[in-house]
Amino acid sequence: MADSDNLAAHLFRFDTFEFDRRALELRRGGAKIKLEGQPLQILGMLVERPGELVTREDLRKRLWPGNTIVDFEHSINAAMKRLREALGDSADTPRFIETLPRRGYRFRQTVTSVGAPAVPRT
């Protein structure tokens, strides 16, 4: 699927999970998983670009734009920990999110995008 299709999509499916970017909701088998805020924003960035590196700098720019002052390292690590817990994932034996030390993260699962508008072919 083309990158522009992934960016237009609002629903992403992987493994037994479904992530709704518009509603910022993660579901497993139709049941909503309790997770909010930054972990869901991170998940959105990862599923938009499966298999690609999402740098820590990309995350910082999206989560804390402009001149927001925050302990970025601690905040991103805490958000990633909550996301991994919700997915039942582990940094040591990653099933979904691979850590690339000092660089960023890569989503390891195949993602199906749903909800991208049809583009007329000419």
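## Charged pairs, sheet and helix

Arg21 is partly exposed, with a relative accessible area of 21%, where partly exposed lies between buried (under 20% relative accessible area) and exposed (over 50%), computed with a 1.4 Å probe on protein chains only. The model is predicted, so local features need pLDDT of at least 70 and side-chain atom pairs count only at pLDDT 80 or more, while totals for chains, interfaces and linings use all residues. Residues are numbered from 1 along each chain as its sequence is written, and side-chain values use heavy atoms, with hydrogens and water left out.

Arg21 forms a salt bridge with Glu48, and their closest N and O atoms are 2.2 Å apart; a salt bridge here is a side-chain nitrogen of Lys or Arg within 4 Å of a carboxyl oxygen of Asp or Glu. This pair links distant parts of the chain, since Glu48 lies in helix H2 and Arg21 in the loop between strand E2 (17–20) and strand E3 (25–28), 27 residues apart. Helices (H or I, at least four residues) and strands (E, at least two) are DSSP runs, numbered from the N terminus. Glu48 is buried, with a relative accessible area of 8%.

By this rule the count comes to 13 salt bridges, and the table gives some of them.

| Pair | Closest N to O distance |
|---|---|
| Glu48 and Arg21 | 2.2 Å |
| Glu98 and Arg106 | 3.2 Å |

Glu98 and Arg106 are both partly exposed, Glu98 at 23% and Arg106 at 24%. Salt bridges that share partners also join Arg13, Glu18, Asp20, Glu25, Arg27 and Lys32 into one network.

The sheet comes next. Five strands form an open sheet in the order E4-E3-E2-E1-E8, with antiparallel pairing, where two strands pair if DSSP finds at least two bridges between them. Strand E4 (31–33) and strand E8 (112–114) stand at the edges, each with a single partner strand, so one side of each is left without a neighbour in the sheet. Within this sheet, strand E1 (residues 11–14) is joined to E2 by 4 bridges, and the bridge partner of Leu11 in E2 is Asp20.

Strand E6 (residues 97–100) and strand E7 (residues 104–107) run antiparallel and are joined by 4 bridges; one of the residues involved is Thr99, whose bridge partner in E7 is Tyr105. E6 and E7 form a hairpin with 3 residues between them, and Arg102 in the turn has a positive phi of about 65 degrees.

In helix H3 (residues 56–63), Arg56, Leu59 and Leu63 are buried. These residues cover an arc of only 60 degrees around the axis, which puts them on the same side of H3; the arc is that of the directions from the helix axis to the C-beta atoms. The cover over the buried residues of H3 includes helix H2 (38–48), strand E5 (53–55), helix H4 (72–87) and E7.

Arg84 is found in helix H4. Which side chain of opposite charge is nearest to Arg84? It is Asp89, 4.4 Å away, and Arg84 is buried yet has no salt bridge; for charge, Lys and Arg count as positive and Asp and Glu as negative, with His and the chain ends not counted. Leaving aside its neighbours within four places in sequence, Arg84 is in contact (heavy atoms within 4.5 Å) with residues including Asp89, Ile97, Thr99 and Tyr105.
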